[in-house]
Amino acid sequence: MSRPSETPSGRKHASPNGAKKEKPRKKRSFLKTFFLGILFLLLLAGAAVSVFVAVYLRDISKDLPTTTEMLAHKANVASVIYDRNGERVARLFTENRQPVELRDISPWIIKAALAAEDSSFYQHGGIRLLSIARAFIENVVNRGVKQGGSTITQQLARNLFLSQERTIERKAKEIILSFRMEQLFTKDRLMEMYMNTIYFGHGAWGVDTAARTYFGKPSSEVTLPEAAILAGLIAAPGRYSPLSNFENAKMRQRYVLERLVTLGWITEEERDAAYAEELVFKHVPNKVQEFNRAPYFVSHILFNELLPKYGPDLVYSGGMEIHTTLDLKMQEAAEKAMKGLKSQGAIVGMDPETGEVLAMVGGHDFAKSKFNRATQAFRQPGSGFKPIVYAAAFESGLMPTDHFLDMKIEYPKKGPNESTWKPENYGKRFHGEVTLEYALVHSLNTVAVRLIDHVGAKNILNVTRNLGITSPHVPADLSLALGSASITPLEMAIVFSAFANNGKTVLPLMIREVRSGNGDVLETRAPVSTRGISQESAIVLRSVLLDAVRTGTGTRARLKDRETFGKTGTTNDYSDAWFLGGVPGLVAVVYAGNDDHKPLGKKGATGGVISAPVWKAFVEEAVKDRDLPTKFTVPSEAKVEPVKICRKTGFRAIPGCSAVTVYLPKGNSPRAKCPVHGGDMYAASTDPNAPQLILVHNDSKTYTSSGMYSDASALQPPTAAGPVKVTTPQGPSGAVAPGELVYTDPSPATEVEEKYQKLLKQYGITN
């Protein structure tokens, strides 16, 4: 009979053969050892992986920004150029961005962005593990990075500090930075940074620029349907742009609105109403070349002042504020007037007292031609240069009442083809003996040549420099009388400002103040002027140029309601036409000419015909609704007096004279009345201040051969214009005749265009 296998005491009995069962113990021991080994290997592998991951993370973290750098980081912010009244002229940027605080962003934008991109943003710690795992599986299946699963924090980290390449390493860096950023910044600060960083398409960086770009309003005013459009752009701005893919944009808008309903942030009724609402798009220009209301002016200050001093990073990404002298209303008037020129050309408007440039147009279309004809076109001003010659003459003691001959004159020429140089008047007519007032008003070439002979070309050149012309292309010879110098319109504006402001040479001023992105003042600039010519000479000259507009070559520029002075300028072959002048408070220069120097037209294509009407159109519009005086002010200390003179004789006018009131130096003006038109001949002959006839070069012989006098060297009053005194040249003339008068363009438009492109590359603005 069998026995129980265990006694009540619990002892085990041996098997029938008496052997112990040891095999189960060995099996359990083996399994235990095996599993312990596996565990050890797993721990070892885990440690190895941990070491590898730690080393890997350490290595890839070397290139990541430090905590200090992350705290100090600032996104690229557009710099803004303002006009004198605080109006925006241009934005300079690599990324067109205008940062705003979170409180100034519509709550609908925040909700829509969260719904579309990361609804649990305010709950997670920077990453969403499930999203990352899902994206990882998707990427493994597709053998490449196809899905991101990025949170808003990750997107921000990528946009601020990383590239957009889709690699595992970049993703790892993104996660590291996300954890760091969550520790450094509050959630609201991260959201604010995100909304100011992301790209919305069409050149709009940041939500405020996007709101203005698409809807023409600040981000604070964006409505729910508009917010859903903007939030939909974040994923793919090109694909979902309402300006180029409206159907796609509406589809994406619907998705965002559905997400808002799912999250319980809006009702279905609000969703339907928002989707059905008709949207009005503005498409505010955002590209640099589009958002620039004065491209020639902006280009000039960029390459001549801002970029050389501050560098491209600060100028294009530092959020600078550049306050300029430009007046946008005047600029618009200049742009409008420019359309009156069939050729290329330039318009410059300047405050004559301060030198502030108020308007600058350098051509018809900056997009087609970067050549700034206001500052880079060295052109011959023709008769527009004559006022400089007369200024030097008045500085030397001559007066508008003095007489010169308007007759043929010849000078020995050093050129190989001709033995003499023979200047001629426009129309090839001569007027005999004339006053300087008449000669300037009617732009007589031979008188201007005689003036240079009398005063000296070097003295003319000195006055030219004193009046602010720095161009190296100013010959010191008689051809200056015909305007053979090559000068820019901006330089000529400086010269005529001196005539308007009683003799001061102003330094062109275009920038008033520059501020950093933090609002710190980096620099301020104030007007600078020096004495160019005496007050008396400037006032006398201006009074004659007033008559040039009233009765001379500049009548087409006359403004009815205010004093207007000016001078026309035309080159011999009609390739350049000018009008230069001013009214109280404003000096303007209009230049017209083709870049290839082809004539503007046949005979008659003069500055008075082509440029003067454009000048008038600009100035009339520019002075509208402005508190500017209508008459020029003569300082009380200026030693001049207004005198009504006879245009023909220079004596004091009486009934029967062609009379004009000009300013003359006190104590030096004629006392006698015009003897030719009824005045007392004896009084005129004994007048110590009687006009004098100045003879130069071979004028004595010319005067004698005219048949009026037998011996001009022994002339006694009366002369053809009454009892004027006669001054003959003492010794041989020191005048230098010009060589071959062949114009060579010192700054061809094509070369300037090439230089512009080189500058863009030099400053890293383009590749």
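Predicted model: local features only at pLDDT ≥ 70, side-chain atom pairs only at ≥ 80, totals over all residues.

Reader: Where does Thr 401 lie, and with which residues is Thr 401 in contact, leaving aside its neighbours within four places in sequence?

Author: Helices (H or I, at least four residues) and strands (E, at least two) are DSSP runs, numbered from the N terminus. Thr 401 belongs to the loop between helix 14 (386-395) and strand 6 (403-406). Contact means heavy atoms within 4.5 Å. With neighbours within four places in sequence set aside, Thr 401 is in contact with Thr 435, Ile 645, Thr 649, Gly 650, Leu 664, Pro 670 and Pro 691.

Reader: How is a sheet read, and what is the order of the strands in the open sheet of 5 strands?

Author: Strands of a sheet pair through backbone hydrogen bonds, either parallel or antiparallel. Two strands count as paired if DSSP finds at least two bridges between them. In this model an open sheet of 5 strands has the order 5-4-16-15-14, and the pairing is antiparallel. Strand 5 (357-361) and strand 14 (565-570) are at the edges with a single partner strand each, so one side of each has no neighbour in the sheet. From one strand to the next, the twist averages 5°. Strand 4 (residues 345-350) pairs with strand 5 in the antiparallel sense over 4 bridges, and Val 348 stands opposite Met 360 in strand 5.

Reader: Which helix lies across these strands?

Author: Helix 20 (residues 607-622) lies across strands 4, 5, 14, 15 (576-583) and 16 (586-593), and runs at about 35° to strand 15. Axes are lines fitted to C-alpha atoms, for helices over the stretch in contact, and angles run from 0 to 180 degrees between N-to-C directions. Leu 586, found in strand 16, is buried with a relative accessible area of 1%. Among the residues in contact with Leu 586 are Met 350, Leu 358 and Val 619. Leu 586 and Met 350 are 236 residues apart in sequence, yet 5.8 Å apart in space, C-alpha to C-alpha.

Reader: How are aromatic pairs described, and how many does a search of the whole structure find?

Author: A pair of aromatic rings is described by the distance of the centres and the angle of the planes. Rings of Phe, Tyr and Trp (its six-membered ring) pair if their centres lie within 6.5 Å; planes under 30 degrees apart count as stacked, over 60 as edge-to-face and the rest as tilted. The search finds 14 aromatic pairs. In one of them, Phe 496 and Phe 565 have ring centres 6.3 Å apart and planes at 10°, so the pair is stacked. Phe 496 lies in helix 18 (residues 489-500) and Phe 565 in strand 14, so the pair ties together parts 69 residues apart in sequence.

Reader: How many disulfides are there?

Author: A disulfide is a covalent bond between the sulfur atoms of two cysteines. The rule requires a pair of cysteine sulfur atoms within 2.5 Å, and the count comes to 0 disulfides. For Cys 646, the nearest cysteine sulfur, that of Cys 657, is 3.8 Å away.

How values were computed. Residues numbered from 1 in each chain as written. Heavy atoms only, no water. Buried < 20%, exposed > 50% of the residue type's maximum accessible area, 1.4 Å probe, protein only.
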